[in-house]
Amino acid sequence: MSDNNKNTAAVLELLASRICHDIISPVGAINNGIELMREMGAEAMDDGLELVAYSASQSAAKLAAFRLAYGAGGRDPNVKPEDVQKVFGALIKGEGKHNQTWDPYGNLGPSSDKKTLPEGYCKMLMCALMLAQEALPKGGYISVRPTMGDEEGHSLIIAEGEGATIRD
């Protein structure tokens, strides 16, 4: 196998591992909530249902984000920046550590006419937002804006927060 194929395989393995880890975590919590209700009976019903509901919403948010970022649907020309903001908002809502501060209806860089956004723009935007979230382990603010000057016509994703870093 060539080095390029080995690198591609390694990236795909890491991506699949990350997706599985992020999905298994809330699904495991759903299972824990059900077990709690079974073991403790009626007295644990409210706590168990709350855990199940929270974990189910986290699972749904992660699945929607992964579908948009990594699935073929992210290239759908009907997906708009406001869809990305909604999906990303649901993803970061659970932890409550991150805030997004950008206008999905405004100029994001590639085109002032949103009907002519490049193919796959929303897919790449979602990936960039998820990377920005990952770079802020203690939370912070994430925004999208157009670039200026020589780089005009591009989007700039800004991640600001304490302890910002890109981990290996």
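**View 1. E119 in its loop.** E119 lies in the loop that links β1 (98-100) to α4; helices (H or I, at least four residues) and strands (E, at least two) are DSSP runs, numbered from the N terminus. Is E119 buried or exposed? E119 is exposed, at a relative accessible area of 69%; buried means under 20%, exposed over 50% and partly exposed in between, with a 1.4 Å probe and protein chains only. The C-alpha atom of E119 is 6.8 Å from that of P77, although the two are 42 residues apart along the chain.

This is a predicted model, in which local features need pLDDT of at least 70 and side-chain atom pairs count only at pLDDT 80 or more, while totals for chains, interfaces and linings use all residues. Residues are numbered from 1 along each chain as its sequence is written, and side-chain values use heavy atoms, leaving out hydrogens and water.

**View 2. Helix α4 and its buried residues.** With 14 residues, α4 reaches 20 Å from its first C-alpha to its last, close to the expected 20 Å; that expectation is 1.5 Å times one less than the number of residues. Look for Y121, C122 and K123 among its buried residues, along with L125, M126 and L129. The buried residues of α4 pack against α2, α3, β1, β2 and β3 (155-160).

**View 3. Helix α2 meets helix α4.** Here the axes of α2 and α4 come within 7 Å and cross at roughly 125 degrees; axes are lines fitted to C-alpha atoms, for helices over the stretch in contact, and angles run from 0 to 180 degrees between N-to-C directions. The two helices are therefore oblique to each other, a word for angles that are not under 35 (roughly parallel), over 145 (roughly antiparallel) or 65 to 115 degrees (roughly perpendicular). From α2 come A65, F66, L68, A69 and Y70, and from α4 come K123, M126, C127 and M130; contact means heavy atoms within 4.5 Å.

**View 4. The largest nonpolar core.** This core has 24 residues, and V84, M126 and L129 have the most contacts inside it; such a core is a set of buried Ala, Val, Leu, Ile, Met, Phe, Trp, Tyr and Cys residues joined through side-chain atoms within 4.5 Å. At least two residues each come from α2 (45-70), α3 (81-93), α4 (121-134) and β2 (140-146). The largest share, seven residues, is supplied by α4.

**View 5. Around V84.** Which residues does V84 touch, leaving aside its neighbours within four places in sequence? V84 is in contact with L68, V79, C122, L125, M126 and L129.
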